[in-house]
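Have the viewer open as you read.

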Amino acid sequence: MTDDDKQKATTNRFGFEARTDIPDDAPLNRNPGHKLRTSNTIVNRAALTDEKALLDSYKLDKRTGQKIQFVTSGSQIGVVRLGQDDAGDVPEAPNSFTGPSYRNPPQRFRFDGHKMMHHLDRIQAWQRGERFAPIHIDMGLTKFCNTACVYCYAVVQNMTQGTMIGREALLRYIEDCGRLGVRSIGFIGDGEPTLNPALYDATVLAGSLGVDTSMATNGLLIDMDRAHDLLKNMSWIRFNLSAGDAEGFRRVHQSKESNFQVLIDNIRELVRIKKEFGYKCTLGLQMVLIPECFDQVLKEARLGAELGVDYFVIKHCSDSEYKEIGINYDDYLTIGDVLKEAESYSTADYVVQAKWNKINAAAESALYKGGFRKYDVCHGTPFLLQISGNGKIYPCGPFFNKERFYIGDLHDQSFFDMVMGDRYWAVHHDVTSSVDVHKDCAVGCRQDYVNKFLWDLKHPPEHINFI
């Protein structure tokens, strides 16, 4: 055994050899009261009361190159052993209390999680059995699109050319959201939102009422004459792009290769306007990960940096309960190294992040184990509602067109009256009491994180005061 590795061997309470760093001449406590897990011998710390006496009483056993520091606390003196790195410099030792050694950077975005702890008033209303407004609403503005992305969930939900929410119904709904205290609306739905000309006025109205808005778009048909209205009033705009070059764009989005440059030009101009006028709106790219775009991940990560957007997020593809899109989540387990390399492109101004918890649904994650959720009941729909692009309201997107869960239509009824009405809450109760989340629901649903949080809150362990 070398000096560097010198340790004192003893036998622990389980009969196994335990190695300690107790010096041979250290004052020992001969009657410790109980046997420690690692060692039957402990140092008599009461004898460590005077540095000179300590030095005179025994010779500290030091490893080669190790330095000793004495730390006084009250009437006692303790020993701190300082290590040594390859260069011969002595790093700060644990428990020497000399200031921070490492700090986790703040998380700018939370793509792979939830923010429910910031809405405790709604959670407490739910716990009391009261009626309350959604925190957030995802909604379509149309039921049709100008691209035909091969991963599109909406194609299994009866896309209808020309169908959209009417202007008056949309603006009346925005006003009701303001009255109810809805905190945010995402124009993220079954159709392309920019095909509804009322998008821009709805965004401005929501901003005046204190309702945050956002949009997910393919970005090809944005009215650039109204770019300021979007950037001034929206919290974020996300471009649905699952390709890093024109050929991948044609293959995945089934759109003309020339449209790839149209999109890039629009994003570049929005980034320019945002920076010039100091708008706070976040601009980002999102890739829906499927095998057809595995080869595009790194290309798009580099593209996002070049465009100057705020982030590039890589998410799972949500399949229907009947697996109509044909996603095999085991495929995701083969691309982990590529996703980690993409994340390495992050900088202080540009975040690249994969949604690991859902991408790893076939393995083990905070939400899933072997494809099964780590909760058994859906409680999340009253907090995160979803509305189809034709104005019909359902508790969540995968239930669009399932009449059992139909709540109402924005064209026929006030959204305020619906939220305060019996039908609205009866449907949410039906979801909670009858839906089997392991069988009836699509993998990777929007309410996943909310449901896991509420499930844990609803099923506390014993002794919760012992935190």
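Start with helix H3 (residues 167–180) and helix H4 (residues 199–208), which pack at an angle of about 15° with their axes 9 Å apart. Helices here are DSSP runs of H or I with at least four residues, strands are E runs of at least two, and both are numbered from the N terminus. The axes are lines fitted to C-alpha atoms, for helices over the stretch in contact, and angles run from 0 to 180 degrees between N-to-C directions. That angle makes H3 roughly parallel to H4 (the label covers angles under 35 degrees). From H3, Arg167, Leu170, Leu171, Ile174 and Glu175 meet Asp201, Ala202, Leu205 and Ala206 of H4, where contact means heavy atoms within 4.5 Å. Sorted by class, this contact has six nonpolar, no polar and three charged residues; Ala, Val, Leu, Ile, Met, Phe, Trp, Tyr, Cys and Pro count as nonpolar, Asp, Glu, Lys and Arg as charged, and the others, Gly among them, as polar.

A word on provenance: this is a predicted model, so local features need pLDDT of at least 70 and side-chain atom pairs count only at pLDDT 80 or more, while totals for chains, interfaces and linings use all residues. Residues are numbered from 1 along each chain as its sequence is written, and side-chain values use heavy atoms, with hydrogens and water left out.

Next comes the open sheet of 10 strands, in the order S13-S12-S11-S10-S9-S8-S7-S16-S17-S18 with mixed pairing. Two strands pair if DSSP finds at least two bridges between them. At the edges sit strand S13 (351–354) and strand S18 (408–409), each pairing on one side only. Further in, strand S7 (residues 136–139) and strand S8 (residues 184–187) pair in the parallel sense over three bridges, and His136 has Ser184 in S8 as its bridge partner. Helices lie across some of these strands: helix H7 (residues 257–277) lies across strand S10 (234–240) and strand S11 (282–288), at about 150° to S11. Likewise, helix H9 (residues 336–343) lies across strand S12 (311–315) and S13, at about 160° to S13.

Now pick out Ile325, in the loop between S12 and H9. What does Ile325 contact, leaving aside its neighbours within four places in sequence? The partners are Val150, Tyr151, Cys152, Tyr153, Cys317, Ser318 and Asp319. Ile325 and Cys152 are 173 residues apart in sequence, yet 7.9 Å apart in space, C-alpha to C-alpha.

Note on methods: Angles under 35 degrees count as roughly parallel, over 145 as roughly antiparallel, 65 to 115 as roughly perpendicular and the rest as oblique.
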